[in-house]
Amino acid sequence: MGPKMSADTKIAELLTELHQLIKQTQEERSRSEHNLLNIQKTHERMQTENKTSPYYRSKLRGLYTTAKADAEAECSILRHALDKIAEIKSLLEERRIAARIAGVNSNGDPPRKTMRRGVLMTLLQQSAMTLPLWIGKPGESPPPLCGATPASTDYVAKQGDKVAARVKAVEGDEQWILAEVVSYNHSTNKYEVDDIDEEGKERHTLSRRRIIPLPQWKANPETDPEALFSKDQLVLALYPQTTCFYRALIHTPPHRPQDDYSVLFEDTSYPDGYSPPLNVAQRYVVACKENKKK
């Protein structure tokens, strides 16, 4: 019971801190609003009088300096709040993994029932929506695993991370599935992963080249368009309402941070070989490793 309690207590503490930070943000915002109004009024006065006197120039310089400091203070509180959210998410994830391991190890219990399809689909959708947006500082480049930016070559996915995994299907065909990392063996360079769809049933041992880590941040099209796949790029995308990745072409990249990709899946039942455009969240679109047609 000990570790679970401490995780719960820690989460409760972090939520209280987060609540405080949100209140502080509001206070900062109200404070800076007064100053922004002042800037606006000064500009209006200058236009009415139709002159830029040294008095107005130095007054504006002072107001703008304050406005910049206010914005930086608010920004730092917001970043602090984002760190708290990330910490809460990782504690919840640790707790989920611990519960799963405990479930696997309690031999007396009957095997857990598989999650209902609809429930699983809702969870996948939520997971895509809550993927954090990368917000860099001015001039900062998006890190690996932000949007289309691949993982670094020596990257090892952590326990609980979601990945695209290439497995042998029943008929001996190969397919890319959505899976969760159980462990990584450094001496054999192999992953153990669980199929998302058959929780606890299907476990696969796979080499590193059969694993593609999913993005850990959404890329912002307004500030980091280069961290997104571009039109006509070949990708692997999770087919809507399934847990399998298929080859697709990017039809249109997201326009706003909350938007999905629009993709055309390879589909021989259509005359041009592609499906009509379908929406797939940033979290479930990764670079295609094999370029040859099956």
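User: Which residues does Thr42 touch, not counting residues up to four places away in sequence?

Analyst: The model is predicted: local features need pLDDT of at least 70, side-chain atom pairs count only at pLDDT 80 or more, and totals for chains, interfaces and linings use all residues. Numbering runs from 1 along each chain as its sequence is written, and side-chain values use heavy atoms, with hydrogens and water left out. A contact means heavy atoms within 4.5 Å. Leaving out residues up to four places away in sequence, Thr42 touches Tyr56, Lys59, Leu60 and Leu63.

User: How far apart in space are Thr42 and Lys59, C-alpha to C-alpha?

Analyst: Thr42 sits in helix 1, residues 2–49; helices are DSSP runs (H or I, at least four residues), numbered from the N terminus. Lys59 is 17 residues away from Thr42 in sequence. In space, their C-alpha atoms are separated by 8.4 Å.

User: Is Thr42 buried or exposed?

Analyst: Buried means under 20% relative accessible area, exposed over 50%, and partly exposed in between (1.4 Å probe, protein chains only). Thr42 has a relative accessible area of 0%. That makes Thr42 buried.

User: How many aromatic pairs does the structure hold?

Analyst: Rings of Phe, Tyr and Trp (its six-membered ring) pair if their centres lie within 6.5 Å; planes under 30 degrees apart are stacked, over 60 edge-to-face, the rest tilted. By that rule, the number of aromatic pairs in the structure is six.

User: What is the angle between the planes of Tyr55 and Tyr56?

Analyst: Tyr55 and Tyr56 form a tilted aromatic pair, 5.3 Å centre to centre. Tyr55 is exposed at 52% relative accessible area, while Tyr56 is buried at 5%. The angle between the planes of Tyr55 and Tyr56 is 50 degrees.

User: Why is the pair of Tyr184 and Tyr191 tilted?

Analyst: Tyr184 is buried at 14% relative accessible area, and Tyr191 is buried at 3%. Their ring centres are 4.6 Å apart. The pair is tilted because the planes stand at 55 degrees.

User: What is the volume of the largest pocket?

Analyst: On a 1 Å grid over the protein atoms alone, a pocket is an open set of points where a 1.4 Å probe fits, with protein on both sides within 12 Å along at least five of seven lines; lining residues have an atom within 4 Å of a point. Points are joined across faces, edges and corners, and the volume is the space filled by probe spheres set on them. For the largest pocket this is about 1700 Å³.

User: Which residues are closest to the centre of the largest pocket?

Analyst: The lining of the largest pocket numbers 46 residues. Its largest share, 14 residues, comes from helix 2. Closest to the centre are Lys89, Ser90, Glu93, Pro132 and Arg283.

How values were computed:
Helix = DSSP H or I, 4+ residues; strand = E, 2+ residues; numbered from the N terminus.
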